[in-house]
Amino acid sequence: MPLWTFCLFIVVMNTTMFNVSLPTIIQDLHISADLGSWVISSYSIGYALSTVIYSRLSDLVPLRRLLTVGLTTLGLASVIGLFAHSFNVLLITRILQSAGAGVMAGLGLVLASRYVPVARRGAAIAMISVGSAMAFGLGPIVGGLISQYFGWNGLFGITCLVLLVLPVLLYLLPKEQPQAAVFDLYGAALTVINAGSLLVAVTSQSYIWLAVSVASFAVHAIHLRRARDSFINPKLLQMPGYLKLTAIGFSILVLNLGNLFLMPLALSNLFHQSALMIGLFIAPGAILSAVLTRFVGRWIDRYGNLRFLLIGHGILATVLAVFALGLQVSPLVLLFGYLCFSPAFSATMASLNNEASGILPRTWIGSGMGLLQLIQFFGGSVSVAVCGLLLHAQRTLAPSGAYRNVYGILLAVSLCSLSLVLLYRRSRGMEMKRNGAKSVSEA
C-alpha cells in the first residue's frame, strides 16, 4: 500500500505540476489561454473516464494485468512528452497519460477492499487519501522547480518513474482469478463519447459537436432502457437526493479546478511571478489541506456531512468574493485566500462523498460513486476550458478586469451550489421526518 500510494501521489501531482507551468507552456508554444486550458482539462476528463473504466473492469480482468496496461501507457506517454515541442504532440501525450493514470485511483479502493484485513483497511484507505492530498501540496513546488531549471518538458520525467515501480508492484500483488461478470463495452464507449463530445462542443463553441453530443446522449438513453447490466446504473438517475449531490459535486470541481487554472495565470500576468514562485504561493494552502486531512474525517463523523457542506461552501464563496474584488491588490491576497480555499474544498469533497456513500444502497456503491466521480471531474474539465475561453474573449480588457469577471462567475456558481445544499438538506430533513412518522405508526 505505501508503494501504491507513492504511484498515486505521482499521478495526482501530474495535474498540479502542469497548473503552475501553464503560463510558461502558453508562452513557449505561442498559444492562447483557451488552447492552453486543454493541457489541464484533457488530462482531467481522461483521468475521470479511465478511473471508472478500470474499476468496472476489475471484476473481469486481474489487477496485475490492468496495472500493467495502465502504468505502461502512462510511462511510455511520459517518455514521448519529454520530447514534445508542439501543442498537438503535447495534447496527445496528455490524453495518453490520462488513459493510463486512472488505474491507480480506480483500483486503489478495490485493492484495499479485497486484500487488506478489516482491522487495517481504514488505515490503508486513509494512506491513499493522504497521498492524494500531499500531491496537491507538493505538486506546485515540484512543478515550479522543474519548470524553472529544466523546462516544462522535464515535468514528464516525474511520471516516467512509474515504469521503474511497475515490476515491484507486480511482484507484490497477489495473483487472482476474478469472478465471472459482464462488462458493458458498448455503454462504456457511449460514456466516453458523451463526455468527450460535450467537452469539445463547449470549448470549440461548435454546433456540429453539440449535435453529435445530443445524438450520443439519445443513443445512450435508448441503450440504458434495453441493457440488463449497463455501464451506468439507470436507477441512479431516479434518486432525487443523488442527483442533487452530483450537481453539487460538479459545481465544487468547477470552483476548484477553475481557481487552480486562474491563480497561476494571475500570478504570472498581474504580478510577473516565475513558475517556482507560483508554486510557492499555491503550495502552503495545499499542504495545510493535507495536514488537516487526518482530522477532517473525525470532525465530519462528529458534526455531520451537511454541516461541513454548508461551512465549506460558505468559505469557498467568501474567498472567491475576495478574489473577484481584490485580486489586483497584492499576490498575498491569492496566498492567504488559498490557505482558506484549499482546506475548505477538501472538507467539502470529503463530506459530499461520505454523504453520497451513505444514501446509496450497498449494491449500488461501486456504480454510484464511479458516476459521481466522473461527473465531478467532468465539471473540472469544463471549468478549465470555459475559463480559458472567457479570458480569451476578454483579451482586449485589462488583465485585472478579465480575471475579476471570471472570478465573479465562479462566485455565482458557488452560490448556486450552496442553494442546492440547502435544498438537499431540507429534502433530507423531510424524508427523515416521514420515516420517523412511519416507524411510529408501524410500532
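Trainee: Of contacts between residues at least 6 apart in sequence, what share joins residues at least 24 apart?
Mentor: In the protein chain, 83% of them do. Keep in mind that this is a predicted model.

Trainee: How many helices and strands in the chain?
Mentor: The protein chain has 15 helices and zero strands.

Trainee: And what percentage of the residues is buried?
Mentor: Of the 443 residues in the protein chain, 52% are buried.

Trainee: What about the accessible surface of the chain, and how much of it belongs to carbon and sulfur atoms?
Mentor: The protein chain has about 19800 Å² of accessible surface. Carbon and sulfur atoms account for 67% of that.

Trainee: Which residues form a nonpolar patch on the surface?
Mentor: L76, V79, F83 and L163 form one. Together they have about 360 Å² of accessible area.

Trainee: Where is L163 found?
Mentor: L163 sits in helix α7, which covers residues 162–172.

Trainee: Why does L163 count as partly exposed?
Mentor: Because its relative accessibility is 30%.

Trainee: C387, buried or exposed?
Mentor: C387 is buried, because its relative accessible area is 4%. The cut-off for buried is under 20%.

Trainee: And what does C340 count as?
Mentor: C340 counts as partly exposed, because its relative accessibility is 41%.

Note on methods: Residues numbered from 1 in each chain as written. Predicted model: local features only at pLDDT ≥ 70, side-chain atom pairs only at ≥ 80, totals over all residues. Heavy atoms only, no water. Patch = residues over 30% accessible without salt bridge, like charges linked within 9 Å, V, L, I, M, F, W, Y side chains within 5 Å. Areas by Shrake-Rupley, 256 points an atom, 1.4 Å probe, with all protein chains shown as cover. Salt bridge = Lys/Arg side-chain N within 4 Å of Asp/Glu carboxyl O. Helix = DSSP H or I, 4+ residues; strand = E, 2+ residues; numbered from the N terminus. Buried < 20%, exposed > 50% of the residue type's maximum accessible area, 1.4 Å probe, protein only. Contact = heavy atoms within 4.5 Å.
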